[in-house]
Amino acid sequence: MKKAVVIGATSGIGKGLSRILVKNNYKVGIAGRRTNLLEELAAENPGLYLTKTLDVTLTDTIVQTLEELVSELGGLDLLVISSGVIKYNIDLDFAVEKMTIDTNVKGFTRIADWGFNFFKNQGYGHLVGITSVAGFRGWRNNPSYNASKSYQMNYLEGLRSLSNYLKLPITVTDVRPGYVDTAMVGKSYVFWVSTVEKVASQIYKGIHKKRKVVYVSQRWRFGAWLYKRLPNKVVENV
């Protein structure tokens, strides 16, 4: 039985993907800030879930927590970083920007570095990061969120390059969702919305095929292509 850890499994994509992994013969360590939600998910299949409370902004304690979880799992084949925050911040409240950076940049980097080094020492593994098509352009409503997703996309590409340079069988997958029907996205400015179940299913297929980049839903491959090519004047006035 393969072993996976999903960071940010208390809701949304992380929760949906955890369920699919369990259905496909994985034992899954689920981690997140809200202990009660982790326990609710684990109760669905107690023999195949292990829980660990984890706040990704507390970078000094992340490694110890992850190592404890992997030890309890008995190994690690797949690490999924699904934790993240988005807050509309047109007033540029620095507290909001800092929270986004602490989670989506600092926390993400700490987990990704640990995961890559773990797989490097082990000799194999699969690292998955949930980024966003938002990372292709900036947007006035949440400047730090779009910038953080651009950072994540480039960081994952850098890790993929490093894996190739070291000639290691470490797969690095960048999952780029569009709009997903989650509490984090909300209902404003939303189109082409996919359910969590549909998105999680497509992510699992991408993981199984060891793809480098996965757009979910798949129509967002075209959406991203178009978004990148829109004139600056259009994007700046949307």
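Is D102 buried or exposed? D102 is buried, with a relative accessible area of 13%. Buried means under 20% relative accessible area, exposed over 50%, and partly exposed in between (1.4 Å probe, protein chains only).

## About the model

This is a predicted model, in which local features need pLDDT of at least 70, side-chain atom pairs count only at pLDDT 80 or more, and totals for chains, interfaces and linings use all residues. Residues are numbered from 1 along each chain as its sequence is written, and side-chain values use heavy atoms, with hydrogens and water left out.

## Salt bridges

The structure holds six salt bridges. In each, a side-chain nitrogen of Lys or Arg lies within 4 Å of a carboxyl oxygen of Asp or Glu. One of them joins K98 to D102, with the closest N and O atoms 2.7 Å apart. K98 and D102 are four residues apart in helix α4, so about one helical turn separates them. K98 is partly exposed, at 42% relative accessible area.

E68 meets K52 at 3.7 Å, N to O. E68 lies in helix α3 (residues 62–73) and K52 in strand β3 (residues 49–53), so this pair ties together parts that are 16 residues apart in sequence. Helices (H or I, at least four residues) and strands (E, at least two) are DSSP runs, numbered from the N terminus.

E72 also forms a salt bridge with K52, at 3.0 Å, N to O. This pair links helix α3 and strand β3 across 20 residues. K52 is buried, at 15% relative accessibility. E68 is partly exposed at 34%, and E72 is partly exposed at 42%.

## Helix packing

Helix α4 (residues 94–122) packs with α5 at an angle of about 10°, their axes 9 Å apart. The two are therefore roughly parallel. Helix α1 (residues 12–23) packs with helix α6 (residues 196–208) at about 60°, their axes 8 Å apart. That pair is therefore oblique.

Axes are lines fitted to C-alpha atoms, for helices over the stretch in contact, and angles run from 0 to 180 degrees between N-to-C directions. Angles under 35 degrees count as roughly parallel, over 145 as roughly antiparallel, 65 to 115 as roughly perpendicular, and the rest as oblique.

## Y165 on the surface

Y165 is found in helix α5 (residues 143–166). Y165 is exposed, with a relative accessible area of 66%.
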